[in-house]
Amino acid sequence: MTSIARTIPSVALIVAIAGISFLPDRGIAAQASLAASDAGADAKADAKILQERRKAAKRAKDSERFFSALEPFEITLTTNIRRIRGDKDDKAPWRPAVFSYTGPGGKAVSIPGEIRTRGIWRLKNCDFPPLRVNFRNEDTKGTVLKGIDKPKLVNYCRDNDQFENYVAQELQLYRIYSLLTPASHRARLLRVTYVDSATGKTHARRLGIFLEEPETLAARLGGPLVEETGATADHLDGYHDALAGLFHYFIGNTDWSTWGLHNMELVGEQDGDFIPIPYDFDFSGAVNASYATVDPKLSIDRVRQRLYRGFCQPQENYDKAIAVFKAKKSDIYALYSDPIGSLLPKKTAEETLKYFDGFYETINDPKRVRRNIVEACSKAR
């Protein structure tokens, strides 16, 4: 992963961009040949990138129906449970798996795929690790999972109801951000039955989430995925940066960094700015997981305390973002009484909405907005 740097290009860089190379020991004809060769290589690389974006855009369209459905998708994951639980390395191998579900008319549908472990904290601390899934297009063609390529599977950490509720709570936060902006990950709630391929026995049956892959998200928004660290306020779309920062404040999340690309995606816009898109919210105050902690370097010590960590933006960007939150308040709260929200314990839903009330009390008070958000922003450029 490289680092973003918007500096004035040197003469050497300008020359390189122009396709010219100063090689004192070569003739003009040789230099021209090399420049043409480089241009041809660049053209091939650009063509490949364009082709990949078109494929991702098609996947985004093909998977729209799957992600727009409200009810939990019932699916069975069959794999070697002992082996996958033993994969603790950062670069674990892909393991064979089969995903199956009941299709129209009661027809059994099985899709071969691969899974591998991912994550940092959960990989080391969970009884069952978070997973990345890999499907082949030809295997999902004609199935409900058409267009789903390499999604993250957000699954249970420990096999009990408390940890399952964390999954449902996190899904709600993805749904909320999707209400605020289309520049958000699409997510679909699953009810996953985990079957051990070695014994044929059911290991667990818990809620999970299929999360839209970054490349598909970027293609849907019409821009490239930017996988470079070092972004500051100068690189970002001001409104979307304010919206993302305000959302993190809303859910009480400090476990993120746009600069470090930690739990944030960047998608490029035509004007050269980047749209920041948050994900991974289980360390937020809104979820309030028993294992969630706060970086000791911060001025808070509990995840339920809010701390604004977004970059500083002009006042109009905050005003616009706050207006969206106000306009969407009733829709946000309604998510906790619809069929998905009703999966949460009533007490959990009530406590979450009460937690959101504190945010709305802040944004409805101009003095608190200035003190807790505008003046608390990160001035790093």
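**Reading rings and strands in a predicted model**

Me: Which residue lies over the face of Y239?
Reply: In this predicted model, K320 lies over the face of Y239, at 4.3 Å from the ring centre. A further case is K329, whose charged end sits over the ring of Y333, 5.4 Å from its centre.

Me: How is a pair of aromatic rings described?
Reply: Such a pair is described by the distance of the centres and the angle of the planes. The structure holds 32 aromatic pairs, and one of them is formed by Y166 and Y291, which are edge-to-face with 5.9 Å from centre to centre and 85 degrees between the planes. This pair links distant parts of the chain, since Y166 belongs to helix α7 and Y291 to the loop between β11 and α10, 125 residues apart. Y166 counts as buried because its relative accessibility is 7%, which is under the cut-off of 20%.

Me: What is the geometry of the pair F250 and F325?
Reply: The ring centres of F250 and F325 are 5.3 Å apart and the planes stand at 55 degrees, so the pair is tilted. F250 lies in helix α9 and F325 in helix α10, 75 residues apart.

Me: In which order do the strands of the barrel follow one another?
Reply: The 7 strands close into a barrel in the order β2-β3-β4-β5-β6-β8-β7, with mixed pairing. Neighbouring strands of this sheet are turned by 40 degrees against each other on average, direction ignored. Helix α7 packs on the sheet, touching β6, β7 and β8, and its direction makes about 15 degrees with that of β8.

Key:
Residues numbered from 1 in each chain as written. Predicted model: local features only at pLDDT ≥ 70, side-chain atom pairs only at ≥ 80, totals over all residues. Heavy atoms only, no water. Pairing = 2+ DSSP bridges. Helix = DSSP H or I, 4+ residues; strand = E, 2+ residues; numbered from the N terminus. Axes fitted to C-alpha atoms, helices over the stretch in contact; angles between N-to-C directions. Contact = heavy atoms within 4.5 Å. Phe/Tyr/Trp six-rings, centres within 6.5 Å; stacked < 30°, edge-to-face > 60°. Buried < 20%, exposed > 50% of the residue type's maximum accessible area, 1.4 Å probe, protein only. Lys NZ or Arg CZ within 6 Å of the ring centre and 35° of its normal.
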